[in-house]
Amino acid sequence: MSAWLPTAPCTPRDCSTHQGPAAGALTGAVRLLAGIGLVLAGALTAPFLRVLGGDVRDLLTRHWARTVLRLFGLRVRVVGAPAPRRGSGVLVVANHVSWLDIPLLATVFPGRMLAKSEIRRWPLLGAMAALGGTLFVERERLRALPGTVRTLSTALAAGSRVIVFPEACTWCGRDQGRFTSAVFQAALDADAAVRPVRITYRAPDGKPSGAPAFVGDDTITASLWRVVTAGGLTAEITVLPLIPAGRHTDRRELAADARSGIARTVTDAAARTTVTDGVLHTAVASDSANLPSSSVHQCASSSPAPASSARTRS
């Protein structure tokens, strides 16, 4: 385990809790089987989608991803402007809350994910990620980082939409980690815009839920069961304003700009809500109140924090 990798204070025992109704074991089992079945179907059909045009492929991917989340028991809520169609390459950066983030982002931004190499070995999800064009990085090999940046830059320059979780570590939903700046160098090298996105999982009362959190020594099996037995979960994705290419020439400034946008909380009591393709969309007029957002992506290591940190901030 490399000492330079980011860590977070979040642990499953302290952070992965759900304040809300619970689904029964039977409901959970049905959700689990249905969700895994559709994930498997997606993995099997992914190679055949490559022959389709980009817009058609994106449409099918969005519908598939929404259905996966729905089968696992989550409602999808999109806040902000709809995602544009494919065009020039764009780097989509988000806080990372869970393995659920992958299908959640695909409901709005189908594209090529950057993921740790361990995910390639995950049952079903690993195969689906590989077939979907995921770019894998060996996070414990610092020497591999320049090659990863070149790979990202090449994909962006070719017009791909690339999705990255710059925290490089999972946070369970109350705080946010520092953004690593290396991935933003790829956007600078490819002269690509950056699209910040905020992810939040909410309980029925609107407060962030820890049920989807995948932190510390959590296992994919435990996380799956926790999600499918939690009632009333909403997966919320907030599409933030685009950071155009050329606004920043320094990767650290670009990373700080993207992080500050994700850290804000959208507040607008008069937001206009519409439903498109079964997904709730909210058009937001203001973006204010600098408050921490919810986030998570499992670290290579996640050391328990002191009680004052793990139990109050995460």
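Predicted model: local features only at pLDDT ≥ 70, side-chain atom pairs only at ≥ 80, totals over all residues.

Tutor: Start with helix 2 (residues 25–49) and helix 3 (residues 54–71): their axes come within 8 Å and cross at roughly 165 degrees. An angle over 145 degrees counts as roughly antiparallel, so helix 2 is roughly antiparallel to helix 3. As for handedness, the crossing of these two helices is left-handed.

Now for who touches whom. Helix 2 brings Arg31, Ala34, Gly35, Leu38, Val39, Gly42 and Leu49 to the contact, while helix 3 brings Arg57, Leu60, Trp64, Thr67, Val68 and Leu71.

On to the rings. Searching the whole structure turns up two aromatic pairs. In one, Phe72 and Trp99 sit edge-to-face, 5.6 Å centre to centre with 80 degrees between the planes. Phe72 lies in the loop between helix 3 and strand 1 (74–80), and Trp99 in the loop between strand 2 (90–94) and helix 4 (101–106), so the pair links distant parts of the chain, 27 residues apart. Both Phe72 and Trp99 are buried.

Phe179 and Phe184 make up a stacked pair, with 6.3 Å centre to centre and 20 degrees between the planes. Buried means under 20% relative accessible area, so Phe179 counts as buried at 5%, and Phe184 counts as buried at 0%.

Technical notes: Residues numbered from 1 in each chain as written. Heavy atoms only, no water. Axes fitted to C-alpha atoms, helices over the stretch in contact; angles between N-to-C directions. Helix = DSSP H or I, 4+ residues; strand = E, 2+ residues; numbered from the N terminus. Parallel < 35°, antiparallel > 145°, perpendicular 65-115°, else oblique. Left-handed = near helix turned anticlockwise from the far one by under 90°. Contact = heavy atoms within 4.5 Å. Phe/Tyr/Trp six-rings, centres within 6.5 Å; stacked < 30°, edge-to-face > 60°. Buried < 20%, exposed > 50% of the residue type's maximum accessible area, 1.4 Å probe, protein only.
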